[in-house]
Amino acid sequence: MTTTDSGEPALTVDELAARAGVTVRTVRFYAGRGLLPPPAIGPRRVGRYGRDHLARLALIEEMQRQGMTLAAIERHLSRLPPDLSPHDLAVHRAVVASWAPESMELLSRPDLERRAGRPLTDEDVERLAAMSVLTREGDFLRVDSGLLRLGVELLDVPLSEETVLAARTALIDHARAAARELSQLLRDAVAERDTRDVRSLSAHMHPLVVQALLTTFQRSLKEELREWVGSPEDSAGDPAEGACRADGPVEGAARDGAEGAPGDAPSV
């Protein structure tokens with residue numbers, strides 16, 4: 001892997017596929033369908049990919065895991081602004097992932113590394129276990145597939161395991177408190193409604209609440225970081241603004257998710 005003058009990682013197609021946990025054939029298939037922007041052309045006419053390609057791949061794979069057809073994924077991506085940053089795309093992926101039920105998979109160590117898109121040391125596996133991403137079951141590992149990608153990304157964050165776990169606890173506690181308060185507000189608002197109306201409202205409110213929570217948290221965190229470091233955000237732009245102005249994936253996931261099971265794209 002090389003870097004550009006701005007420090008942006010420049011990955012070959014093989015490195016991009018490995019980092020994303022997919023095959024080179026899958027990357028080229030998505031690129032051929034216009035789901036990925038073209039790479040920058042480096043020395044010797046070699047295509048170079050960056051963080052935006054990696055983030056977009058992660059979003060595509062998440063939508064496919066949710067059961068969206070290739071046609072539905074194409075329609076969704078065509079509605080997103082073309083200049084979304086990797087941060088913006090990560091927010092969209094988080095919203096899509098929020099629809100997934102808890103899914104545990106029993107994987108071997110090689111299968112885990114393939115899904116992670118990188119080799120994992122024994123220390124890495126222990127850190128993932130400490131973050132509740134996986135548990136050991138004999139020679140296999142029971143993995144929470146919804147948390148795996150986030151857990152792998154956290155392995156490269158220069159924070160102690162204790163700090164990561166404390167942050168996780170704080171987020172869970174505050175999220176549960178917010179969920180309880182919002183649930184009570186909705187319960188009071190529909191107390192006299194028919195059961196069918198309540199279910200319909202819940203189905204519509206779920207994606208809206210998730211999007212609102214993510215966007216509000218992003219903006220609040222950005223303000224806190226700005227006060228801490230005393231400088232404006234970098235030139236990547238405001239990820240929260242991107243999250244708000246885009247035609248959110250919550251609509252696409254709710255509308256298109258029932259159109260068919262994944263399988264239009266090459267298997268990964």
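Helices (H or I, at least four residues) and strands (E, at least two) are DSSP runs, numbered from the N terminus. The model described here is predicted, so that local features need pLDDT of at least 70 and side-chain atom pairs count only at pLDDT 80 or more, while totals for chains, interfaces and linings use all residues. Residues are numbered from 1 along each chain as its sequence is written, and side-chain values use heavy atoms, with hydrogens and water left out.

The protein contains 12 helices and seven strands. Of its 268 residues, 35% are buried, where buried means under 20% relative accessible area, exposed over 50%, and partly exposed in between (1.4 Å probe, protein chains only). The accessible surface amounts to about 15800 Å², and carbon and sulfur atoms account for 55% of this area; accessible areas come from the Shrake-Rupley method with a 1.4 Å probe, and for residues only the protein chains shown count as cover. Contact is defined as heavy atoms within 4.5 Å. Among contacts between residues at least 6 apart in sequence, 69% join residues at least 24 apart.

In soluble globular proteins, nonpolar side chains tend to be buried together. A nonpolar core is here a set of buried Ala, Val, Leu, Ile, Met, Phe, Trp, Tyr and Cys residues joined through side-chain atoms within 4.5 Å. The largest such core comprises 27 residues, and Val27, Leu57 and Leu77 have the most contacts inside it. At least two residues of this core are supplied by each of helix 1 (13-20), helix 2 (24-32), helix 3 (51-65), helix 4 (70-79) and helix 5 (86-97). Helix 3 provides the largest share of the core, six residues. Apart from this core lies another, of 15 residues, which includes Leu120, Leu128, Met131 and Leu141. When neighbours within four places in sequence are left aside, Leu57 is in contact with Leu16, Ala20, Val22, Val27, Tyr30 and Leu36.

Helix 2 and helix 3 pack at an angle of about 95°, and their axes are 12 Å apart. Axes are lines fitted to C-alpha atoms, for helices over the stretch in contact, and angles run from 0 to 180 degrees between N-to-C directions. The two helices, helix 2 and helix 3, are therefore roughly perpendicular to each other, given that angles under 35 degrees count as roughly parallel, over 145 as roughly antiparallel, 65 to 115 as roughly perpendicular and the rest as oblique. At their contact, Thr26, Val27 and Tyr30 of helix 2 meet Leu57, Ile60, Glu61 and Gln64 of helix 3. By class, four nonpolar, two polar and one charged residues form the contact of helix 2 with helix 3; Ala, Val, Leu, Ile, Met, Phe, Trp, Tyr, Cys and Pro count as nonpolar, Asp, Glu, Lys and Arg as charged, and the others, Gly among them, as polar.

Individual positions were also examined. Tyr49 is placed in the loop between strand 4 (47-48) and helix 3, and its relative accessibility of 11% makes Tyr49 buried. Tyr49 and Pro39 are 10 residues apart in sequence, with their C-alpha atoms 5.2 Å apart in space.

Most residues other than glycine have a negative phi. Ser132, although not a glycine, has a positive phi of about 65°. Ser132 is located in the loop between helix 7 (122-130) and strand 6 (134-137) and, at 38% relative accessibility, counts as partly exposed. Arg136 is placed in strand 6 and is partly exposed, with a relative accessible area of 47%. With neighbours within four places in sequence left aside, Arg136 is in contact with Val125, Glu126 and Leu141.
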